[in-house]
Amino acid sequence: MHEPRYAEPVLTWYAEHARDLPWRRPDASPWAVLVSEIMLQQTPVVRVLPAYDAWLARWPTPADLAKESPGEAVRAWGRLGYPRRALNLHASARAITERHDGVVPADYDELRALPGVGAYTAAAVASFAYRRRHAVLDTNVRRVLARVVTGVEYPPKTQTTAEVRLAESLLPEDPPVAARWSVAIMELGALVCTARAPRCADCPLVAECTWRLAGKPPYDGPPRKGQTYAGTDRQCRGRLLAVLRHADGPVEKAALDDVWADTLQRERSLAALIEDGLVDPLDDGRYALPT
């Protein structure tokens, strides 16, 4: 068992260096943890914080959000990106209200059954909200384990069974300690063992890191392409959705046409928004957020 070798130094480091984030505080509800996990998918903490605070001030429980229309969730999502997450969170709020008496479930399989909740999010909520023992594998954790244990600079592009087994083997036996380990190793990846500029001198696992001990061999896998945004369909969809979010009601088609010049791309993006349930085309030719 690797627990004494890795867990103790990481937990000690975390106790001193962990960021004070609202969803980690003792008074954070399971709903608050679920909201944070959905918002943090592919979105940095600094952008999530104001949206998270505003969301929970308006909808402190799943039942509060379930009473609203899906369009209000999309409107409140603002510029967090990937707005399907807002619809999923709204659908989860309704499912939690209807199936679980308004209480976010603690069981992994019940969490997994909520709309838009994948394996990672279910494990994270069960672990961070209920102190259950689950391997929580986000990008940061995968990178730390790839370097420290496997000896490579970056993990595979797609999560593997071997990674899951490794993460499970490193979990401390006591569930609350395992939950703290999961958030601690995640924080280590976010603050120290970063993708582009790891601060090895500050790492509590520097003496154990297989990648460092091997001389930090450079990554030699498939090209790691950074995400582009400017000029993409994603940017176009964001512009169209912003028009609807900022409007008091339905808008004319001309209002959407004005924000993107490329007609083909604009129509393709609008069709995608409609297909995703983020925009409702009305019978009178106008467009609105979903009701």
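**A residue and its surroundings**

At 0% relative accessibility, Ala 184 counts as buried (buried means under 20% relative accessible area, exposed over 50%, and partly exposed in between, with a 1.4 Å probe and protein chains only). The model is predicted, so local features need pLDDT of at least 70 and side-chain atom pairs count only at pLDDT 80 or more, while totals for chains, interfaces and linings use all residues. Residues are numbered from 1 along each chain as its sequence is written, and side-chain values use heavy atoms, with hydrogens and water left out.

Ala 184 sits in helix α11, residues 175-191 (helices are DSSP runs of H or I with at least four residues, strands are runs of E with at least two, and both are numbered from the N terminus). Residues up to four places away in sequence aside, Ala 184 touches Val 10, Leu 11, Trp 13 and Tyr 14 (contact means heavy atoms within 4.5 Å). Ala 184 and Trp 13 are 171 residues apart in sequence, yet their C-alpha atoms are 8.1 Å apart in space.

Helix α2, residues 30-39, has nine of its 10 residues buried, so this helix is largely enclosed by the rest of the structure. The buried residues of α2 include Trp 31, Leu 34, Glu 37 and Met 39. They pack against α3 (45-58), α4 (62-66), α5 (70-77), α6 (84-99) and α8 (119-130). Beyond its neighbours within four places in sequence, Trp 31 has contacts that include Trp 55, Trp 59, Leu 65, Leu 89 and Val 104.

Trp 31 also belongs to the largest nonpolar core, which has 82 residues (such a core is a set of buried Ala, Val, Leu, Ile, Met, Phe, Trp, Tyr and Cys residues joined through side-chain atoms within 4.5 Å). Trp 31, Met 39, Trp 55, Trp 181 and Leu 188 have the most contacts inside this core. In soluble globular proteins, nonpolar side chains tend to be buried together.

Charged pairs are also present: the structure holds 15 salt bridges (a side-chain nitrogen of Lys or Arg within 4 Å of a carboxyl oxygen of Asp or Glu). One of them joins the side chains of Glu 68 and Arg 58 at 3.6 Å, N to O. Glu 68 lies in the loop between α4 and α5 and Arg 58 in helix α3, so the pair ties together parts that are 10 residues apart in sequence. Glu 68 is partly exposed at 25% relative accessibility, as is Arg 58 at 38%.

Arg 75 and Glu 72 form a further salt bridge, at 3.1 Å from N to O. Both lie in helix α5, three residues apart, about one turn of the helix. Arg 75 is partly exposed, with a relative accessible area of 26%, whereas Glu 72 is buried at 19%.

Arg 142 and Glu 163 are likewise bridged, their closest N and O atoms being 2.9 Å apart. Arg 142 lies in helix α9 (residues 139-150) and Glu 163 in helix α10 (residues 161-169), so this pair ties together parts that are 21 residues apart in sequence. Arg 142 and Glu 163 are both buried. Salt bridges with shared partners join Arg 58, Glu 68, Glu 72 and Arg 75 into one network.
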